[in-house]
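Let's take a walk through a protein model together.

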Amino acid sequence: MSIMEYNGSAVVAMSGKNCVGISSDRRFGVQAQTLSTDSQKIFQMNDKILIGLTGLNTDVLSFSDQLRMRTKMYKLQHDRDISPQAFGKLVSTLLYERRFGPYFVEPVVAGLTNENQPFLTGTDLIGAPVFTDDFVVAGTATEQLFGTCESLYKPEMEPEELFEVMSQCLLSAVDRDCVTGWGGTIHIITPDKTISRTLRGRMD
């Protein structure tokens, strides 16, 4: 088993019309043994940026702390919040700095630009980025998430429709991956607020 699959995780980010969403499952386990059902895998960096981290849970927590510190330093130095584009570059650079002893994480970044357009990017554990305008997936349920997202995604969704589509994509995918599941959390960023909801899923 790969170290990236040791704790199990599923994260998906998806774009809508002037909104963007990101969701994750809630399970924390060691291989097939479930230890907790309220694990946090999505972290808010500012009002317009959320990052989902999959991979080894210890590195998820360490890397999220590093990112929080760097975004606060950016705000102190520049007297403004970091943009999603700059934050994506920051994530990529931090991971590439550690490429010979990497953080075992695969980040997914979701944000709204200053023009309220969705911004999505994901990287591998050494910071090689991918940019897209529809959806990004990561974690042990990647193959299942690709299938459900390709079936259900459509462009220009309103926040409520985006929530419904992401819910179905996440719950359908984690039901087919034995090291993820136990419900999920979904966050939708709109120009004036962030909507956060918890999903109930199969508890087995």
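This is a predicted model: local features need pLDDT of at least 70, side-chain atom pairs count only at pLDDT 80 or more; totals for chains, interfaces and linings use all residues.

**Helices side by side**

Residues are numbered from 1 along each chain as its sequence is written, and side-chain values use heavy atoms, leaving out hydrogens and water.

Two packed helices are described by the angle between their axes and the distance between the axes. For α3 and α4, the angle is about 150° and the axes are 8 Å apart. The axes are lines fitted to C-alpha atoms, for helices over the stretch in contact, and angles run from 0 to 180 degrees between N-to-C directions.

Which residues in α3 and α4 meet? On the α3 side they are Q144, L145, T148, C149 and L152, and on the α4 side V165, Q168, C169, L170, S172 and A173. Contact means heavy atoms within 4.5 Å. By class, this contact has seven nonpolar, four polar and no charged residues. Ala, Val, Leu, Ile, Met, Phe, Trp, Tyr, Cys and Pro count as nonpolar, Asp, Glu, Lys and Arg as charged, and the others, Gly among them, as polar.

Stay with α3, which covers residues 142-152, and look for its buried residues: L145, T148 and C149. (Buried means under 20% relative accessible area, exposed over 50%, and partly exposed in between, with a 1.4 Å probe and protein chains only.) Seen down the axis of α3, these buried residues fall within an arc of 100°, so they line one face of the helix. That arc is taken from the directions from the helix axis to the C-beta atoms. The buried residues of α3 pack against β1 (10-15), β10 (135-139) and α4 (159-174).

Next, find α1 (residues 57-78) and α2 (residues 84-97), whose axes come within 11 Å and cross at roughly 130°. These two helices are therefore oblique to each other. In α1, F63, Q66, L67, R70 and T71 meet F87, L90, V91, L94, L95 and E97 in α2. The residues of this contact divide into seven nonpolar, two polar and two charged. Also in α1 is T58, which is exposed, with a relative accessible area of 52%.

Now for a strand. V20 lies in β2 (residues 20-25) and, at 0% relative accessibility, counts as buried. V20 and I189 are 169 residues apart in sequence, yet 5.4 Å apart in space, C-alpha to C-alpha. Not counting residues up to four places away in sequence, V20 touches a list of residues including M14, A110, L120, L162 and I189.

Finally, visit two loops. N18 is in the loop between β1 and β2, and its phi is near 55°, a positive value in a residue other than glycine. N116, in the loop between β7 (105-112) and β8 (118-123), has a positive phi of about 60° although it is not a glycine. N18 counts as partly exposed at 34% relative accessibility, and N116 counts as partly exposed at 23%.

Terms used. Helices (H or I, at least four residues) and strands (E, at least two) are DSSP runs, numbered from the N terminus. Angles under 35 degrees count as roughly parallel, over 145 as roughly antiparallel, 65 to 115 as roughly perpendicular and the rest as oblique.
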